[in-house]
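Colleague: Before we look at anything in detail, could you show me how to read the features of a model like this one?

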Amino acid sequence: MAEKDKRTYVRVHDGLPDHPKIIEAGGEAGWLYICGLAYASRQLTDGVIPARLVPRLTDGSKPEASASALVRVGLWHEGAHTCERCPQGGPETYVIHDYLMHQRSAAEVADLSAKRSAAGQRGGKRSGESRRAASTREANREASASAKPKQAASKTEAETETETEEEKTYTRTPAEPADTPPRTDVERVCRHLAAVIEKGGSKKPAITKKWRTDIRLLIDKDGITPEQAIAAIDWAHANDFWQAHILSPAKLRQKYDTLRRQALAEQRKNRPAGPSTAPREMTPEEVQDALRFG
């Protein structure tokens, strides 16, 4: 949000450059007139300008002559004047004609400033009340959430984090059989993943029904052997990036192809240089033998 403009402004109508009085006074006098408006607004003088400051208000060659021209055409008055619409300025001053008819007086500026300050204080008070109310609502929500029954202790944090995401990716149908009794190959991969996660410093996750279902789908539906799955787990948990991501069978199943491609690329990069002839493409059997998962 852009910062609010705090500068003050004067009102000048767009016909000023063509005004007969400006034309008669001349260009340098016209510029002095504008500078005088800015000075009076900035200093809150109600249109009074000390004569001694005239040379400082303009870079014109003859500032005193320009001031006299403004007085002559009626845009300025000398301090003691006969204009009933303008305030008296005292000795050694000039008074801008009809300044208070077009510009804010010092009293009006002070009143406006006080109103803005009061409005800001009210706004700050309302903002503080809103923040406190929001904080109270948030605390109440947290307290309400804490009062709800906890999920089963067997569900680990890593599993909770990943299952919601993976369930959107892999939709299981009622037709898929449950693992009863547990299959040896499925249990082997599940236990290996749980042990590797614990070895990495995390709490050992429980092997749930969902874990067994995802590993069964990895083997039966995706065509990955238990040996290949275990090799992928070992490679992922030896990698600084993947060890923090492969924390459930669902994530292993989702990212298996990516793990395989990265492992293959790493193996090719580290393979010793061969003869000067063009390198031979590895067969699938050689890839699987080198990486242990295809």
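**Helix packing and local features**

Modeller: Helix 2 and helix 4 are roughly perpendicular to each other, a label given to angles of 65 to 115 degrees, while under 35 counts as roughly parallel, over 145 as roughly antiparallel and the rest as oblique. This is a predicted model, in which local features need pLDDT of at least 70 and side-chain atom pairs count only at pLDDT 80 or more, whereas totals for chains, interfaces and linings use all residues. Residues are numbered from 1 along each chain as its sequence is written, and side-chain values use heavy atoms, with hydrogens and water left out.

Colleague: At what angle do helix 2 and helix 4 pack, and how far apart are their axes?

Modeller: Two packed helices are described by the angle between their axes and the distance between the axes. Here helix 2 (residues 27-43) and helix 4 (residues 63-73) pack at about 80°, with axes 9 Å apart; the axes are lines fitted to C-alpha atoms, for helices over the stretch in contact, and angles run from 0 to 180 degrees between N-to-C directions. Helix 2 contributes E28, A29, L32 and Y33 to the contact, and helix 4 contributes P63, S66, A67, A69 and L70, where contact means heavy atoms within 4.5 Å. Helices (H or I, at least four residues) and strands (E, at least two) are DSSP runs numbered from the N terminus.

Colleague: Is K210 buried or exposed, and which side chain does its side chain contact?

Modeller: K210, which lies in helix 9 (residues 209-220), counts as buried at 12% relative accessibility. Its side chain makes a polar contact with the side chain of D214 at 2.7 Å; such a contact is a pair of N or O atoms within 3.5 Å, and within protein one must be able to donate a hydrogen and the other to accept it, with residues adjacent in sequence counting only if both atoms are side-chain atoms.

Colleague: What is the phi of L44?

Modeller: Most residues other than glycine have a negative phi. L44, however, has a positive phi of about 55° although it is not a glycine, and L44 lies in the loop between helix 2 and strand 1 (48-50). D46 is in that loop too, with a positive phi near 60°.

Technical notes: Buried < 20%, exposed > 50% of the residue type's maximum accessible area, 1.4 Å probe, protein only.
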